[in-house]
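Morning, everyone. Let's look at a ligand site first, and then at some salt bridges.

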Amino acid sequence: MADEKKDRALGMGAKITRRDFLNGVAITAGAAMIPAEMWAAAAADLDPLESEAQNVGSQNPESQNLGSQNLESQNLAGYYPPSKTGLRGDHVGSFETMHRVRDGVFWGDAPKAIDSGESYDLVIVGGGISGLAAAHFFRKAAGEKTRILILENHDDFGGHAKRNEFRAGNAMRLGFGGTYSIESPAPYSAIAKGVIEELGIDVPSYPKYVDKSLYRSFGLKPRIFFDKATFGTDKLVINALHEGGDESGLNDHDADAKTIFAKDAPISEKAKQDFQRLFETDKDYLPGLTSDEKKARLARISYAKYLAEVMGVSDELIKLLQAFPHPLFGVGIDAVAAQDAWGLGLPGFAGLKLEPGPGKGMNRDCIPNEEAEKYFFHFPDGNATIARLLVRKLIPGAIAGDSANDVVLAKADYSKLDEASSPVRIRLNSTVVKVQHVGSPESAKEVEVTYFSEKKLKTVRAANCVLACWHVVIPYIASELPEVQKKALASAQKVPLLYTNVLIQNWSAFQKLETRAIYSPGMYFSSANLDLPVSIGGYECAKKPDEPIVVHMMKAACHPGKPAREQHKLGRIELYLTSFETYERNIREQLARMLGAGGFDPAHDILEITVNRWPHGYAYEYNSLFDQFWLDGGEQPCQVARKPFGRIAIANADADAYAYTDCAIDQAYRAVRELTGKQKG
Ligand SMILES: Cc1cc2nc3c(=O)[nH]c(=O)nc-3n(C[C@H](O)[C@H](O)[C@H](O)COP(=O)(O)OP(=O)(O)OC[C@H]3O[C@@H](n4cnc5c(N)ncnc54)[C@H](O)[C@@H]3O)c2cc1C
């Protein structure tokens, strides 16, 4: 069959790890096989949790797997999740139990809970940066001997801050499976900065670890891939949208980019003129309004609408810009307010002569801040290094070494994470299904936490509990909370994303095509970038084009044209239901099409693939197009959601609706203060 031949050419049969075959369960449904009625029902205006329950719950083949968990124990020799490839992120075995709780079918056939007899000063639900930071703050407040248990449903700690490790011959290659870098649109608070410094990370020293001139020395530049289905032909063209340097230090802006783009881009003359107009126009497209009035107008229309209806820009350019905000918001310009696009420096606003400074309802990501821009550090495994440094601080025997540099190569010993002799314990593959005060929340001395692990239901008790997990989960496990708070918690949508790391034999195709970063607005993945050239703590990045390297490909699972929350809901369903095979075919096809002219052969050149699937990705940030309260001011849902209740406090980046590590740390600090303050009183 022709397709089989095509698959062979793509290397679909090549020897790489294809799936997490845990308990013999593989994902079989492809996105193309999702029944139409399921999409329709998911798109209906139902309660977000309810609609997902009705759809992903009963029909997802994985969900029928009776809450299967990774049976592998973290105490076994050789247990080392960072080196697993295939489907990672929210891997098989991590989510089924919670989906069954959500669907109301877990308790019906749950085993009888076993009282473990364990008792702690603090139990933390969620082992992401917020949960780990909460343990760190609690110890500082209550002393090093305090007993803390962290329960995490994944097979690794760190949450979104996930380390992907590869081997290529003798070389080690690291990748970030999620949280990419220390960076935030607003300056880190004194608290968050304090943690970074305590961990030994010297942010100002970052430039000395990045080889800024490496890619430039080979003439590599950011490019755009115009694809046939969207633009009529497959073509790689210089990226003239890229305005130059970014915080990473790779300043490879080409002064002639716009001229070259105008010559090479496969778009109509009208689109080329529009492109020039976008960047050069001095026309006021909103005449007769004050700056504030203009901002107010821009806060209520999408950038796509502004371009199409206010500026009359051609559809080709709108398609070109559509995926530009994917890395930041997980949606395209159809769901990003024009005011936010202005803040991000996107073109088309010069003639409006807007006063500097944010207007009402502006997204925090879009408010330029020089101090924040300078605060940047990318470790080769992203902020997994922060998670690993926190774990080293909490359980010193688990990761050898004593500096933020030597941790990069240090191998974690997972068997040390949950030792009875240690004051702090981290228990992986453990999904918390219930958190309840023992007695009335006002007077209870303890909270009972029930979790499901290795097909057993167990309880532990603690004087305090921090819920550092995703907020949408909390109403299902902490039913005592007031209804209004549960509603606010449930509104914390997550932004679905795919962060894919592809280990390739060499980057000579990138060299021949003179690119290091490809923006591909019409393709399955909207970007494919060579790893940042960072060498630190004995870790050496690839320096020559004939060396293996990790290519990072990103997909925002969005569904343009719908409100942002609905796009996220549909995207989440899509990511859960798409098979690894579908992801793999898309990766191979896309790299072949974009890099084929440089000699890239997917069947030969791809050594490993790790797809980090994050259906519950970024914390949802409020959006002036869809969240009226964000324009009006007043109490935000996240402020209602994070209120303490009895002996339970609530952390996670969701607690301030801000998808950054500093937020995860700040919210952990607040949650711990709420508990320790109460203890003192
Ligand atoms: C792909 C991606 C890239 C990102 N890049 C950046 C970046 O470059 N810089 C940046 O600052 N931020 C980035 N972020 C944002 C990131 O979310 C935060 O920086 C931070 O890592 C969030 O930490 P957290 O602990 O609040 O949440 P999480 O990391 O989500 O941790 C919460 C943990 O709770 C667990 N949990 C949920 N339910 C249960 C349960 N019932 N029982 C037990 N455990 C449970 C979850 O599985 C998860 O492991 C990125 C996020 C994603 C998804």
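Start with strand 16: it gives three residues, the largest share of the shell around the ligand. Strands here are DSSP E runs of at least two residues, helices are H or I runs of at least four, and both are numbered from the N terminus. A quick word on the source: this is a predicted model, where local features need pLDDT of at least 70, side-chain atom pairs count only at pLDDT 80 or more, and totals for chains, interfaces and linings use all residues. Residues are numbered from 1 along each chain as its sequence is written, and side-chain values use heavy atoms, with hydrogens and water left out.

Which residues come nearest to the ligand? Of the 36 around it, they are Glu152, Asn153, His160, Trp470 and Thr661. Around means a heavy atom within 4 Å.

Now polar contacts, pairs of N or O atoms within 3.5 Å. A polar side-chain atom of asparagine 153 sits 2.6 Å from a ligand oxygen. For histidine 160, a polar side-chain atom is 2.7 Å from an oxygen of the ligand.

On to salt bridges: a side-chain nitrogen of Lys or Arg within 4 Å of a carboxyl oxygen of Asp or Glu. The whole structure has 36. Aspartate 418 and arginine 427 form one, at 2.6 Å from N to O. Are these two buried or exposed? Both are buried, meaning under 20% relative accessible area, with exposed over 50% and partly exposed in between (1.4 Å probe, protein chains only). Asp418 and Arg427 also belong to a salt-bridge network with Glu118 and Arg425.

Methods:
Polar contact = N/O pair within 3.5 Å; in protein donor to acceptor, adjacent residues only side chain to side chain.
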